[in-house]
Amino acid sequence: MPPRPRDPREIQLEIDAARESLAATLDQLAYKTSPKRVAGQGKAAALRFLQSPPGIAIVSGIGLLVTVGVIRKARYRKSAAGKRRR
């Protein structure tokens with residue numbers, strides 16, 4: 001049995017439905033990949049991490065390392081300046 005010929009109105013309805021579906025998909029993709037939205041999510045995730053116990057420990061450790069580095073550098077400069085005077 002040969003397939004029945006399709007009505008042009010039926011074809012147009014299918015094209016319109018496909019166009020609307022594609023437009024909805026593109027809108028969803030635009031929303032999901034919006035730079036402001038992605039940046040906001042990243043910022044929120046970073047803040048959640050930094051406010052958690054592991055985040056606080058990491059930030060404290062980094063602060064301690066920077067402090068030790070600054071103190072060592074200051075002592076090195078002081079001792080190097082004293083050696084140049086002699």
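A residue counts as buried when its relative accessible area is under 20%, and as exposed when that value is over 50%. Keep this handy for the exercises below, and remember that the model is predicted.

**Exercise 1.** Work out which secondary structure elements the chain has, and in what order.

*Solution.* Start with the tally: there are three helices and zero strands. Then walk along the sequence, and the pattern reads α-α-α.

**Exercise 2.** Find out how the chain's radius of gyration sits against that of a compact globule of 86 residues.

*Solution.* For a compact globule of that length, you'd expect a value near 12 Å. The chain comes out at 32 Å instead. Next, look at the box around the C-alpha atoms: along the principal axes it spans roughly 105 × 30 × 25 Å.

**Exercise 3.** Locate the nonpolar patch on the surface and say which helix gives the most to it.

*Solution.* First, list the members: Phe49, Leu50, Ile58, Val59, Ile62, Val66 and Val70, with about 610 Å² of accessible area together. Third, pick the top contributor, which is α3 with five residues.

**Exercise 4.** Decide whether Val70 is buried or exposed.

*Solution.* Val70 sits in helix α3. Its relative accessible area is 52%. The cut-off for exposed is over 50%, so Val70 is exposed.

**Exercise 5.** Count the charged side chains and say how far apart the centres of the two sets lie.

*Solution.* Tally 18 positive and 6 negative side chains. The centres of these two sets are 47 Å apart.

Conventions. Residues numbered from 1 in each chain as written. Predicted model: local features only at pLDDT ≥ 70, side-chain atom pairs only at ≥ 80, totals over all residues. Heavy atoms only, no water. Helix = DSSP H or I, 4+ residues; strand = E, 2+ residues; numbered from the N terminus. Rg over C-alpha atoms; globule rule 2.2 N^0.38 Å. Lys, Arg positive; Asp, Glu negative; His and termini not counted. Charge placed at Lys NZ, Arg CZ, Asp CG, Glu CD. Patch = residues over 30% accessible without salt bridge, like charges linked within 9 Å, V, L, I, M, F, W, Y side chains within 5 Å. Areas by Shrake-Rupley, 256 points an atom, 1.4 Å probe, with all protein chains shown as cover. Salt bridge = Lys/Arg side-chain N within 4 Å of Asp/Glu carboxyl O. Buried < 20%, exposed > 50% of the residue type's maximum accessible area, 1.4 Å probe, protein only.
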